[in-house]
Number of protein chains: 2
Amino acid sequence: MQTLIARFRVHLARCSVLLALLLTVGYMPLRAASAQVDQWEVFEVALKGPTDGNPYVDVRLTGVFTDGVRTVTVPGFYDGDGAYRIRFMPETPGEWRYETKSNRWPLTDKSGVFTVMPAKPGNHGPVRVKNTFHFAYADGTPYRPIGTTCYSWTHRPEAMEEQTLKTLAGSPFNKVRMAIFPQAHGVKHMPPTRWPYQGTPPRSWDLTRFNPEFFRHLERRIGQLRDLGIECDLILFHPYDDDEEWGFETMTPELDDHYVRYVVARLGAYRNVWWSVANEYDFLRTKTEEDWDRVFRLLQTYDAHQRLRSIHNGKQIYDHNKPWVTHVSLQNAMAAEEPGRATLYRDVYRKPVIFDELKYEGNHHLRWAQLTGPELVQHFWACTVAGTYGGHSEFFSDDKEVVWLAHGGVLKGESAPRLAFLRRILEESPAGGLDPSDQWQDPRMAGKPGHYYLMYFGHEQPTSWVPMLYRNGLTEGMEFKADVIDTWGMTITPVPGVIVTKKADRYQFTDRAGQAIALPGRKYMAVRLRYSGGAAPVSTAKPPMEP
Amino acid sequence: MQTLIARFRVHLARCSVLLALLLTVGYMPLRAASAQVDQWEVFEVALKGPTDGNPYVDVRLTGVFTDGVRTVTVPGFYDGDGAYRIRFMPETPGEWRYETKSNRWPLTDKSGVFTVMPAKPGNHGPVRVKNTFHFAYADGTPYRPIGTTCYSWTHRPEAMEEQTLKTLAGSPFNKVRMAIFPQAHGVKHMPPTRWPYQGTPPRSWDLTRFNPEFFRHLERRIGQLRDLGIECDLILFHPYDDDEEWGFETMTPELDDHYVRYVVARLGAYRNVWWSVANEYDFLRTKTEEDWDRVFRLLQTYDAHQRLRSIHNGKQIYDHNKPWVTHVSLQNAMAAEEPGRATLYRDVYRKPVIFDELKYEGNHHLRWAQLTGPELVQHFWACTVAGTYGGHSEFFSDDKEVVWLAHGGVLKGESAPRLAFLRRILEESPAGGLDPSDQWQDPRMAGKPGHYYLMYFGHEQPTSWVPMLYRNGLTEGMEFKADVIDTWGMTITPVPGVIVTKKADRYQFTDRAGQAIALPGRKYMAVRLRYSGGAAPVSTAKPPMEP
C-alpha cells in the first residue's frame with residue numbers, strides 16, 4: 001500500500017502542475033452537467049469506477065476545485081459497489097469548476113461546473129477560531145461552545161439514536177463529542193450493529209476495507225446534528241476498545257493513516273465536523289507522541305477544509321503549542337473548578353481553551369463521574385469568567401448500563417437547564433468573547449473592557465458587593481446597568497439605578513456614590529454590568545503594560 | 001563584523017576536522033606547563049595576543065578540551081591589554097588536554113595538559129534538571145531553589161555590595177536573580193560606577209568594545225556567590241533602561257549576539273551561573289519573539305557548559321515547551337497563591353517550574369510589591385506543595401530609594417526567616433523532590449508516594465484533619481509519623497503515636513484507628529507524614545492510569 005500511495009503522490013504532483021497550467025490559460029473542459037449548491041453545504045461529485053482488487057487501497061481520487069480565485073484539492077473516497085465520491089464544501093458563492101485526478105482512467109480528467117448560492121438563513125458556515133481565545137462561524141456569528149459528550153450514540157439501536165437526537169434538539173448543547181470507533185461500555189447489552197471495517201466481530205476485520213454502510217449511517221447522523229445547529233467533535237482514536245477485543249487500538253501506523261484519510265475524505269466536507277485526534281490519548285499505550293504528531297500533520301495537509309483540530313488528554317497534556325493544534329481540548333476538572341486555575345491555560349497556549357471533560361454529573365462509583373448538578377454548573381461558570389469554555393456529560397447508571405456519556409438516550413441530571421440559562425447569558429454578551437478583566441489579579445471577572453463585566457462568586461456567599469472594575473477601557477462618569485444573576489436558580493434581577501464610574505485607586509474604578517450591590521448570601525451568584533451611557537468607553541488598543 | 005564571524009566559522013570547521021584527526025592518532029603537542037584544577041572549578045588558559053584593531057570583534061579564539069572520552073569546544077574572550085583567556089569547567093577528574101584555535105597566529109595551536117582533581121567538600125558542581133520537575137547538583141545532591149532577586153546589586157558602591165553579600169550569607173537564599181545591565185531604579189542617588197561597554201554615560205558607548213574592568217568586577221561577585229553556595233541567575237536583557245538613556249535595549253541583533261557571546265565566553269565556566277535570557281521579556285518592545293528564540297539558540301550552541309536556560313515574562317508567557325528552555329521561570333503571582341493553580345504549569349511544560357516573581361514583600365505603591373510577609377511565605381508553601389518553587393524579593397522604600405529588589409543592602413521584611421524554615425523542611429524531604437500526591441484532585445498535598453506527604457492548609461483554619469492519602473504507593477498496615485508544622489510560627493510539633501494505613505475508599509487510605517490530627521485553627525499550617533515502619537511501601541513504577 002505504501003508504495004502505491006507514494007506513487008500516487010508523484011502522480012498527483014505532476015497532475016497539479018498540468019492543472020495549474022490549464023487554469024492559467026483559462027481552459028477547463030466541461031463534461032458534467034451544471035449543478036447548484038449552497039455555500040457551506042456539501043457538493044458531491046459521484047463517479048463510477050473500478051471494482052477489481054481493493055479499491056480502498058488501489059485507487060486514489062482527487063478533485064481540484066476552483067472559483068478562479070482560490071483552488072482547493074479535495075480527496076475522494078470509495079463508497080462500495082463501484083461508486084466513488086468527492087465531497088467539497090464551497091466557501092464563497094459564484095461559479096466553481098472542478099477536475100478530477102486519479103491513478104485509474106475511468107476516474108481521471110472528469111470535470112464540471114457548478115453554482116454556489118449564498119447560504120440560506122440558519123446556515124452560518126463552519127466554526128473557526130476568532131480573537132485568539134474564542135470562536136465564530138464563518139459568517140461572523142459568535143459561537144460559544146456548550147458541549148456534551150456521547151461517545152457511542154451512533155452505535156446504538158435506531159430507536160435510541162432517535163431518542164438521543166430528540167434529547168439534543170431540546171438541550172442547550174451546540175457541540176457533541178462522539179467517537180467513530182465504538183467503545184466497550186455497555187456492549188454486552190447492546191453490541192454495535194455496524195462496524196467501520198468489513199469482516200466479522202470481534203476481530204476478523206479486513207482493516208484495509210471500510211464498511212460503507214457504517215459510514216453512510218454516521219454521516220446521516222452528522223448531517224442531523226448539523227441541521228440542529230450542533231457541532232460534531234469527532235474522536236478519531238480512543239482507548240476504550242473492549243479489552244483489545246476489536247483491535248482498533250493496535251493497527252499499524254499505515255493502517256491508522258489509511259483510516260484517517262478515509263474519514264477525512266468522507267466526512268470532512270460537513271461543515272459541523274471538528275477533529276479530535278484522540279480521547280485520553282495518553283491512555284492509548286499502543287501509540288507514541290510521534291504517532292499523534294503524524295496524525296495531526298496528516299490532517300493538516302490532507303483535510304482540504306481545514307476543520308478544527310485538537311486532542312484530549314488523560315493525565316498527560318499534549319503540547320497544544322504545536323502549530324497544527326487549533327484549540328485546546330482539555331481534561332482537568334480540578335483546573336475547571338476555579339477561574340484562577342482555568343485561565344492559566346489561555347496564557348500558555350494563546351488558543352481557545354475548552355474543558356471538554358471537567359468531570360461528569362452522575363452517581364458513578366468512580367470519582368470522575370460524581371459531580372452534583374450544581375457543581376457541574378459551577379465549573380462551567382468558572383470556565384466562563386476564566387475566558388474559557390466548559391463541557392458537559394452525565395453518568396447515571398441504570399439496570400441496562402445506559403448512560404448519556406456512552407449511549408445517549410435521555411438526560412437524567414439537573415445541569416442541562418442551567419447550561420441553557422448560561423447559554424442565554426453568553427448570547428447576550430459581547431460578540432468578541434469574554435476575556436479576564438484583570439489578568440492575574442482577580443480571576444473572578446471577565447468581560448469586554450469599558451463595555452461588559454461578568455463577576456462570578458462561585459462558592460463565596462457574599463451579601464453585598466461593591467463594584468470594582470479594572471481601569472482598562474474606563475474613565476470617570478461612565479454608566480453601567482447591573483443585574484444580579486442566580487446561576488442555579490436561573491434568575492436575572494436588575495439592580496435599580498446605574499453604577500457611575502469613579503476612580504478608586506491606581507488600578508480600579510468603583511461607583512461614584514459608593515453603592516454596594518445587594519446579594520442574597522447564597523452560592524453560585526453572579527453580577528453583570530453593562531455599559532448604558534455617560535462618558536464614552538476608552539479605547540483599549542494598548543492596555544497598560546505593568547502586571 | 002558579520003563577515004568576519006562567518007569567515008571564522010569556516011576556519012573553525014576546518015580546524016575541527018584537523019583536530020579530530022590529531023586526537024584520533026593520539027598526537028597532541030604539549031607546549032604549556034602542566035597545571036591542576038578541581039573538578040567543576042574554572043581552568044583558565046591565558047594567552048598574549050594582538051592589540052591592533054578591535055580585538056573584541058577582529059579576534060576569535062577557541063579552546064578544544066578533551067580527556068580522551070569527551071571533547072568540549074570552549075569560546076575564549078579578550079580581556080584587554082593584549083590578554084586573551086579561555087575558561088573551562090572540567091566535569092570529570094583525570095588528565096585533560098587542550099589546543100587553541102584562532103584566526104590570529106599568536107593565539108592558535110597553543111596546547112597544554114592539566115590534571116583535574118576530584119572536587120573538594122562543599123563543591124557539588126553545577127545545578128542541573130533532575131526527575132523532570134526538580135534540580136540536583138552534578139554530584140547528585142538535591143538542589144531546592146529558594147531564590148531572591150537583586151537586579152542591580154553589582155552596580156552599587158563597594159560598601160553596599162559587601163553589605164549585600166553579608167546579608168545573603170546569613171539568608172536562606174541559594175539563588176539570586178541579577179542583571180548584567182544596570183537598571184534605572186535609584187540611579188539618581190547611586191549611578192553605576194562601571195559600565196559594560198567602553199565609552200561614557202549616558203550614551204557614548206562603543207558597543208563593540210566591552211569594558212574588562214566591569215566584567216572583572218562582575219565575575220568576582222559571581223565567584224563570591226559561588227563560595228556562599230548561591231546560584232547566580234544572570235539576566236542578559238531587561239526593559240529597565242533609564243528611559244532609553246543608555247541604549248542597551250535598542251542594540252542591533254548583531255550587537256546583541258556579540259554581547260551574548262562575550263558574556264558566555266567570560267562567565268559561562270562559573271558553575272553557579274544560570275542564563276535568564278530576559279526579565280519581563282515581553283515588556284522589551286524593541287525585540288520580537290524571534291529575537292528571543294535566536295538568543296536561546298545561540299546559548300544552546302555556543303555555551304560549552306550548557307548552563308540552565310530560561311526567560312522570565314511580563315504579561316505574555318514565552319513558550320517554555322521550546323526545546324532550548326531547561327526550566328520555567330515565571331511571573332504570575334495569582335498562580336502562586338494557590339497550589340491548584342501553580343501545579344498546572346508543570347503539566348503543560350514537563351519541566352521544573354520556578355515562580356521567580358510571585359509579587360514581592362513590601363510597601364510599594366504598585367501592587368506587585370505590596371505582599372505582607374505572611375502572604376509571601378504562603379505563596380512559597382503553595383508553590384512547594386504544587387511541586388514547584390517560589391522566588392523572593394522585597395521592596396521597602398527608604399529616603400535613598402534603596403530597596404533590596406534593585407540594590408541589595410539589608411532585608412527589612414519578615415519573610416526571610418520563614419523561608420529559612422521552609423528550606424529546612426525541604427532539606428528533610430525526599431531527595432527526588434516533592435510531587436503532587438493526587439494530581440488534579442486535591443492539590444494541597446505533595447510528597448513521595450508511600451514515603452512522605454506534606455499537606456498544606458494555606459488560608460484554611462481547620463482544628464483537626466483526618467489523614468487521607470492517595471493510594472499510589474500504599475497498602476494496609478504502613479506506619480507514618482506525623483508532625484504539625486506552623487509555617488509562620490516556625491514550629492514542628494510531633495504528633496504522638498503513629499498513623500497506620502487502612503483503605504478508606506477506592507482512592508484513599510486513612511488511619512486504621514480513625515484518629516484525627518489536632519490543628520490549632522490558624523492559617524498557614526501544614527502536616528508532614530513520614531513513613532516509619534510496618535508494611536513496606538508499594539512500588540510506584542506504574543501508578544494508576546485513571547484520572
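## A:Thr540 and its surroundings

A:Thr540 touches A:Pro449, A:Gly450, A:Asn472 and A:Gly473, leaving aside residues up to four places away in sequence. The model is a predicted one. A:Thr540 sits in the segment that comes after β33 of chain A.

Is A:Thr540 buried, exposed or partly exposed? A:Thr540 has 14 other C-beta atoms within 10 Å. A residue counts as buried at 20 or more and as exposed at 12 or fewer. A:Thr540 is therefore partly exposed. How far is A:Thr540 from A:Glu290 in space? The two C-alpha atoms are 42 Å apart, and the residues are 250 apart in sequence.

## Chain A overall

Chain A contains 12 helices and 33 strands. Its C-alpha atoms fill a box of roughly 80 × 60 × 40 Å along the principal axes. For 547 residues, a compact globule would have a radius of gyration near 24 Å. Chain A has 26 Å, which agrees.

Buried residues account for 46% of the 547 residues in chain A. Consider the contacts in chain A with a separation of 6 or more. Of these, 71% join residues 24 or more positions apart.

## The six-stranded parallel sheet

Chain A has an open sheet of six strands with parallel pairing. The order is β17-β16-β15-β12-β11-β21. Which strands stand at the edges? They are β17 (309–310) and β21 (391–392) of chain A. Each has a single partner strand, so one side of each is left without a neighbour in the sheet.

Within this order, β12 is next to β15. Strand β12 (residues 175–179) and strand β15 (residues 231–237) of chain A pair in the parallel sense, over five bridges. One of the bridge pairs is A:Met178 with A:Leu234 in β15(A).

## Strand β28 and its partners

Strand β28 (residues 478–486) of chain A runs antiparallel to strand β33 (residues 525–534) of chain A, and nine bridges join them. A:Asp486 stands opposite A:Met525 in β33(A). A:Asp486 also stands opposite A:Thr491 in β29(A).

β28(A) pairs with strand β29 (residues 491–494) of chain A over four bridges, in the antiparallel sense. These two strands form a hairpin with four residues between them. A:Met490 lies in the turn and has a positive phi of about 60°. β28(A) also pairs antiparallel with strand β30 (residues 499–503) of chain A, over two bridges. There, A:Glu479 has A:Val500 as its bridge partner.

## Two helices of chain B

Start with helix α3 (residues 158–169) of chain B. At 1.5 Å a residue, its 12 residues should span 16 Å. Its end C-alpha atoms are 17 Å apart, which agrees. Which residues of α3(B) are buried? B:Glu161, B:Thr164 and B:Leu168 are. They cover an arc of only 55° around the axis, which puts them on the same side of α3(B). B:Glu158 and B:Ala159 are exposed on the other side. The buried residues of α3(B) pack against β12 (175–179) and α4 (212–227) of chain B.

Helix α4(B) has 16 residues. Its first and last C-alpha atoms are 22 Å apart, close to the 22 Å expected at 1.5 Å a residue. B:Phe214, B:Phe215, B:Leu218, B:Ile222 and B:Leu225 are buried in α4(B). Seen down the axis of α4(B), the buried residues fall within an arc of 85°, so they line one face of the helix. They pack against β12, β14 (204–210), β15 (231–237), α5 (253–267) and β16 (273–278) of chain B. After α4(B) comes B:Gly229, with a positive phi near 75°.

## Where chain B meets chain A

How many residues of chain B are in contact with chain A? There are 28, and they contact 28 residues of chain A. On the chain B side, the elements that give two or more residues are α7 (333–336), α8 (339–342) and α9 (344–349). The residues on that side divide into 14 nonpolar, seven polar and seven charged.

Note on methods: Residues are numbered from 1 along each chain as its sequence is written. Chains are lettered from A and ligands numbered from 1 in the order in which they are written. This is a predicted model: local features need pLDDT of at least 70, side-chain atom pairs count only at pLDDT 80 or more; totals for chains, interfaces and linings use all residues. Two strands pair if DSSP finds at least two bridges between them. Two residues are in contact if their C-beta atoms, placed from the backbone, lie within 7 Å. Ala, Val, Leu, Ile, Met, Phe, Trp, Tyr, Cys and Pro count as nonpolar, Asp, Glu, Lys and Arg as charged, and the others, Gly among them, as polar. The expected span of a helix is 1.5 Å times one less than its number of residues. The arc is that of the directions from the helix axis to the C-beta atoms. The radius of gyration is taken over C-alpha atoms; the globule rule is 2.2 Å times the number of residues to the power 0.38.
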